[in-house]
Amino acid sequence: MAKPYRLNNWLIFAEESVLSTQKWLRKRVAELSDRTVILAGTQTSGRGRSGREWRSPVGGFYTSFLLKPSPPIVLAPCVSLLAAVILTRLLKQQGMQAFVKWPNDVIVEGKKVAGMIAEAGSFPESWFILGIGVNLTEAPFIPKREFLPAGSWAEFGDAPAADELLQNFLIEFDSSWSNREDNPLDGITEELDSILWQKGEQVTLSGGLDTFQGFVSRINRDGSLVLLTDSGERQFVSGELLTVPEERG
Ligand code: BTN
């Protein structure tokens, strides 16, 4: 294991290659302390949400953060959303218009550039791990069920080095959310609303066996999504958004 270094009161482990930064932290969760980060050059078994694989070639940004004890678990979706908003800010600094696709993907020009995964547990004490994957120079094909093509930061602007991105991310993260008991969405709901993917557009929400159609309305303060459906507003806490294909005339 490489020697860690400190960055703004975070402890950073940098490894060339790991199975998955999520698994790396989970395996060591008992001995590591709050504000530990693992940054990997590549992952051989990167994990996405819903059991998907996250292809992780060299040249991407693969990191996971340990918060211990965990923030209140009701805030978990809000922490992932904050991370997605921060990435859109960093992309915007380079003139790119980036959107947050609920629950927490980052989209540029219709392509998925980044994704987040959050996991929490309670043994030996409560912990929360947030994993972030950003396609910096390569846009690996995303297998199964992802209907959006993958894009990379480099397609749209100058991709930062992974350690530079990590540093900028951590600065924004700490300045946007200093008290773990606070809701990280407080103060950024308008910003989130302005970058909400497909806002006002019709989408299909696929949630396990059910699918729902509606128009994207907003994200609530608890991180749930509001769709305007035929039967009025409906709120969703999980699911996957898909665009509705235009009808052929
Ligand atoms: C998704 O969009 O499905 C979430 C992707 C999350 C990928 C990141 S890469 C760093 C961390 N380690 C993993 O194995 N997964 C997350």
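Student: What is the strand order in the open sheet of 8 strands?

Tutor: A strand here is a DSSP run of E with at least two residues, a helix is a run of H or I with at least four, and both are numbered from the N terminus. Two strands pair if DSSP finds at least two bridges between them. In this predicted model, the open sheet of 8 strands reads β1-β2-β3-β4-β8-β7-β6-β5, and its pairing is mixed. At the edges sit β1 (5-7) and β5 (98-101), each pairing on one side only. Averaged over the sheet and ignoring direction, neighbouring strands are turned by 25° against each other; axes are lines fitted to C-alpha atoms (for helices, over the stretch in contact), and angles run from 0 to 180 degrees between N-to-C directions.

Student: How many bridges join β4 to β8, and in which sense do they pair?

Tutor: β4 (residues 61-67) and β8 (residues 127-134) are antiparallel, with 7 bridges. Across that pairing, Phe65 faces Leu130 and Phe61 faces Val134. On the β3 side, β4 is also antiparallel, through 5 bridges, and Thr63 is the bridge partner of Leu39.

Student: Are the faces of β4 covered or open?

Tutor: Buried means under 20% relative accessible area, exposed means over 50%, and partly exposed is in between (1.4 Å probe, protein chains only). In β4, 7 of 7 residues are buried. Phe61, Thr63, Phe65 and Leu67 are on one side, with Tyr62, Ser64 and Leu66 on the other, so to speak a strand covered on both faces.

Student: Which strands does helix α2 lie across?

Tutor: Helix α2 (residues 76-92) lies across β5, β6 (105-108), β7 (111-121) and β8, at about 30° to β8. Helix α4 (residues 162-176) also packs on the sheet, touching β1, β2 (10-18), β3 (36-43), β4 and β8, and its direction makes about 35° with that of β4. Contact here means heavy atoms within 4.5 Å. As for α2 again, 15 of its 17 residues are buried, so the rest of the structure largely encloses it.

Student: Which residues have the most contacts inside the largest nonpolar core?

Tutor: A nonpolar core is a set of buried Ala, Val, Leu, Ile, Met, Phe, Trp, Tyr and Cys residues joined through side-chain atoms within 4.5 Å. The largest one has 57 residues, and Phe65, Leu87, Ile132, Val134 and Phe169 have the most contacts inside it. Helix α2 gives the largest share, 12 residues. Leaving out neighbours within four places in sequence, Phe169 touches Phe65, Ala83, Ile86, Leu87, Leu90 and Ile132.

Student: How far apart are the centres of domain 1 and domain 2?

Tutor: Domain bounds come from an automatic or database domain assignment, here domain 1 (5-194) and domain 2 (202-243). Their centres, taken over C-alpha atoms, are separated by 23 Å. Domain 1 puts 15 residues into the contact and domain 2 puts in 18 residues.

Student: What is the order in the open sheet of 5 strands?

Tutor: That sheet runs β12-β11-β10-β9-β13, with antiparallel pairing. Its edge strands are β12 (232-236) and β13 (240-243). Strands β9 (residues 202-207) and β10 (residues 210-219) pair over 6 bridges, with Gln202 opposite Phe215.

Methods:
Residues are numbered from 1 along each chain as its sequence is written. This is a predicted model: local features need pLDDT of at least 70, side-chain atom pairs count only at pLDDT 80 or more; totals for chains, interfaces and linings use all residues. Side-chain values use heavy atoms; hydrogens and water are left out.
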